[in-house]
Amino acid sequence: MTVESTNMFGAPENAGQVFALAARVGAAPVAICSSSGHHLSFMVEEQAAASVVSLLQHDLGHWRVSCRSGLAACACLGSGFTSDPMSPARAISALARERIPIISQGASEQGIILIIEDGDSERALRCLHRDLIAPVIPLVRPPAHGKRLEALKAR
């Protein structure tokens with residue numbers, strides 16, 4: 001969801017006004033993607049989006065409100081992002097190698113949030129795990145149920 005001032009110099013005092021309106025319909029931002037003096041992009045749960053857009057358009061008459069559906073937020077969080085400044089670059093590179101376009105990104109001291117198409121979300125999570133987590137913490141899978149039964153029968 002993007003809220004933009006139609007007047008370059010008419011920026012709101014802060015994003016709190018927008019988020020307070022969204023909260024009136026029970027929607028809390030899932031991710032804040034970008035913010036400037038006259039522009040704010042954020043994500044809410046898709047089922048709440050239409051209500052949020054309607055309320056924002058009604059109460060913020062001098063603001064342009066647009067919404068895009070079918071997106072997902074992939075969050076890479078952890079203390080490693082503060083100690084390793086290359087972590088965000090590795091996350092973006094992992095998606096680039098899989099040809100998963102990043103629509104938007106937001107970063108904090110504790111991680112990075114990458115906004116992608118919802119249809120790419122499972123593949124994105126797998127490649128982020130492969131490139132960021134697996135080298136540090138290998139994925140341990142329990143043995144398949146059939147193999148476990150065969151092992152028990154052999155005893």
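A polar contact of 3.1 Å links the side chains of Thr2 and Ser41, where a polar contact is a pair of N or O atoms within 3.5 Å, of which, within protein, one must be able to donate a hydrogen and the other to accept it, residues adjacent in sequence counting only if both atoms are side-chain atoms. The model is predicted, so that local features need pLDDT of at least 70 and side-chain atom pairs count only at pLDDT 80 or more, whereas totals for chains, interfaces and linings use all residues. Residues are numbered from 1 along each chain as its sequence is written, and side-chain values use heavy atoms, with hydrogens and water left out.

Thr2 belongs to strand E1 (residues 2-5); helices (H or I, at least four residues) and strands (E, at least two) are DSSP runs numbered from the N terminus. With a relative accessibility of 17%, Thr2 counts as buried, a term for residues under 20% relative accessible area, those over 50% being exposed and those in between partly exposed (1.4 Å probe, protein chains only). Apart from neighbours within four places in sequence, Thr2 is in contact (heavy atoms within 4.5 Å) with His39, Leu40, Ser41, Arg64, Val65 and Ser66.

The protein contains six helices and seven strands, arranged along the sequence in the pattern β-α-β-β-α-β-β-α-α-β-β-α-α. Of its 155 residues, 32% are buried. Among contacts between residues at least 6 apart in sequence, 66% join residues at least 24 apart.

Phe42 is located in strand E3 (residues 39-43) and is buried, its relative accessible area being 1%. When residues up to four places away in sequence are not counted, Phe42 touches Met1, Val3, Val18, Phe19, Pro29, Ala31, Ile32, Cys33 and Leu56. Leu56 and Phe19 lie 37 residues apart in sequence, and 9.7 Å separates their C-alpha atoms.

Two helix pairs were examined in terms of packing. Two packed helices are described by the angle between their axes and the distance between the axes. Helices H1 (residues 16-24) and H2 (residues 46-59) pack at about 130 degrees, with axes 9 Å apart; axes are lines fitted to C-alpha atoms, for helices over the stretch in contact, and angles run from 0 to 180 degrees between N-to-C directions. H1 is therefore oblique to H2, since angles under 35 degrees count as roughly parallel, over 145 as roughly antiparallel, 65 to 115 as roughly perpendicular and the rest as oblique. The crossing of H1 and H2 is right-handed; a crossing is left-handed if the near helix is turned anticlockwise from the far one by less than a right angle, and right-handed if clockwise. Val18, Leu21, Ala22 and Arg24 of H1 meet Val52, Leu55, Leu56 and Asp59 of H2. This contact comprises six nonpolar, no polar and two charged residues, where Ala, Val, Leu, Ile, Met, Phe, Trp, Tyr, Cys and Pro count as nonpolar, Asp, Glu, Lys and Arg as charged, and the others, Gly among them, as polar.

For helices H4 (residues 87-97) and H5 (residues 121-133), the packing angle is about 130 degrees and the axes are 9 Å apart. H4 is thus oblique to H5. The crossing of H4 and H5 is right-handed. On the H4 side the contact involves Ser87, Arg90, Ala91, Ala94, Leu95 and Arg97, and on the H5 side Ala124, Cys127, Leu128, Arg130, Asp131 and Leu132. By class, seven of the residues in the contact of H4 with H5 are nonpolar, one is polar and four are charged.

Gly61, in the loop between H2 and strand E4 (63-66), is exposed at a relative accessible area of 65%. Its C-alpha atom is separated by 9.6 Å from that of Ser5, 56 residues away along the chain. Arg99, in the loop between H4 and strand E6 (104-108), is exposed, with a relative accessible area of 74%. Most residues other than glycine have a negative phi; in Arg99 phi is positive, near 55 degrees. Asp120, in the loop between strand E7 (111-117) and H5, is buried at 16% relative accessibility. Beyond neighbours within four places in sequence, Asp120 is in contact with Ile100 and Pro101.
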